[in-house]
Amino acid sequence: MLNTRVLFEEPPLGITEVISQTIQILLTHWRPLLSLSLMQFGMAFATGLVLSVVTFIVAGSYVAGVAAIMQQGTYGGEDFGRHLFDRSVGISGASRLLQNYYFGNYNNNDNKNYYYGAEGDVYQMDDLFLNGLNLSATFIVILLLITVVWVVFLALVASIFAGSYSHALAEIYAGGIPCAKRSFGKGVERMWAVYCYQIFLSLVIIGAAVIFVVLPVYLEVSYPSAARMLITILSVFVYIMFAAMLSALMTAAIPSIVVENKSSMEGFQRSIHLCKNFIWFVFCSQFCFEIGLVLTLVLINQVLEHLPSFLGLVGHFVVNLGIGIFAPVLHFVLYMSMRIRSENVTQEALALEIGSELVTAHAVELNDSSLVQQQAAAGKNKGSAAAAAGAYVKVTTAEVV
């Protein structure tokens, strides 16, 4: 059983302690957290199913083009693109699912540059890009529109459960027992605040990409090829560092919106104020987690690729559930570590912030009067003995529900 008092008495100071505390919380309260993860998967799956039907009806040929790009990379031995696609959308096995949908009849016995279409027609892989599905302006615009629609709806679902996880973890830190239904209700209540914050953050990231990447690349046309390559590499590096630092600074944004009842902009400002003094602690923790996650996903995907489709699908499902639970807990542990170390926030104060019904009582045990009499009989000062009779010996804290 996790002693929640220890979470406030011994906040983590390094990545190993953060991981250790995260695992302790997961092992103790895995049921409600797993329930939230399953609820999130179910809602995201239903939303994705509806969007898939609409997308395939409206722009199925363009989605086939994306699948063809991944197909060419896969059978050409370049699996990195598929792993990058899975990590970008946040769903393990997404590239495999898309590939199987469009290339389930891939001809492995003949030349690998051919595949069979839905109507039995034979296509050559190179022709797919030369006849209407090449990277034209229309293709890029349609693909961007499809991406925006998917991102908007799935981000709305993610906003609900980002708030739900924060509320559930706040209840754990406050000494209570989290309830998935109650936390989901809180997530729905704070959904629009979290969603607006995510939109604002996305605009900041897009603006940074324009400033750090697009403009330098656009202005470097007149430079020699070697200089253009160097400018491009430096621009991308600066943008990646900016995005990484911004991610570290925004660690406390969603928890503060949910736990401290901040608005979208207040959560943005609050996160910067709280994280700026712990920027390297948060950055190193997130960096180690992301590197470990990517390497783990690559290894798991390599194993699951050799399994039958059904077992691979089940494996990817379990992986997604694990990521969906672990990541929010890790970020909330970082958030509470910073609050405890910088603001000395107490468990009682946190319980009041989330409206917890837990009441803390202090039981006091006085000195035994018989002990005082023995000290007096031994010839000690009676005044001191009398004062000791009213002194505190042990203070015990109990929670009354």
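The largest nonpolar core holds 50 residues. A nonpolar core is a set of buried Ala, Val, Leu, Ile, Met, Phe, Trp, Tyr and Cys residues joined through side-chain atoms within 4.5 Å. Buried means under 20% relative accessible area, exposed over 50%, and partly exposed in between (1.4 Å probe, protein chains only). The model is predicted: local features need pLDDT of at least 70, side-chain atom pairs count only at pLDDT 80 or more, and totals for chains, interfaces and linings use all residues. Residues are numbered from 1 along each chain as its sequence is written, and side-chain values use heavy atoms, leaving out hydrogens and water.

**The cores**
- F8, I25, Y173, F332 and M336 have the most contacts inside the largest core.
- Helices that each supply at least two of its residues include α1 (4–9), α2 (15–28) and α7 (137–173). Helices here are DSSP runs (H or I, at least four residues), numbered from the N terminus.
- α14 gives the largest share, 13 residues.
- Another core, of 11 residues, lies apart from it; Y197, L201, A253 and I257 are among them.

- M43 sits in α3, which spans residues 30–75.
- M43 is partly exposed, at 29% relative accessible area.
- Beyond neighbours within four places in sequence, M43 is in contact (heavy atoms within 4.5 Å) with V157, I160, F161 and F184.
- The C-alpha atoms of M43 and V157 are separated by 7.1 Å, yet the two residues are 114 residues apart along the chain.
- S52 is also placed in α3.
- S52 counts as buried, at 18% relative accessibility.
- The S52 side chain reaches the backbone oxygen of G48 at 2.6 Å.

Technical notes: Polar contact = N/O pair within 3.5 Å; in protein donor to acceptor, adjacent residues only side chain to side chain.
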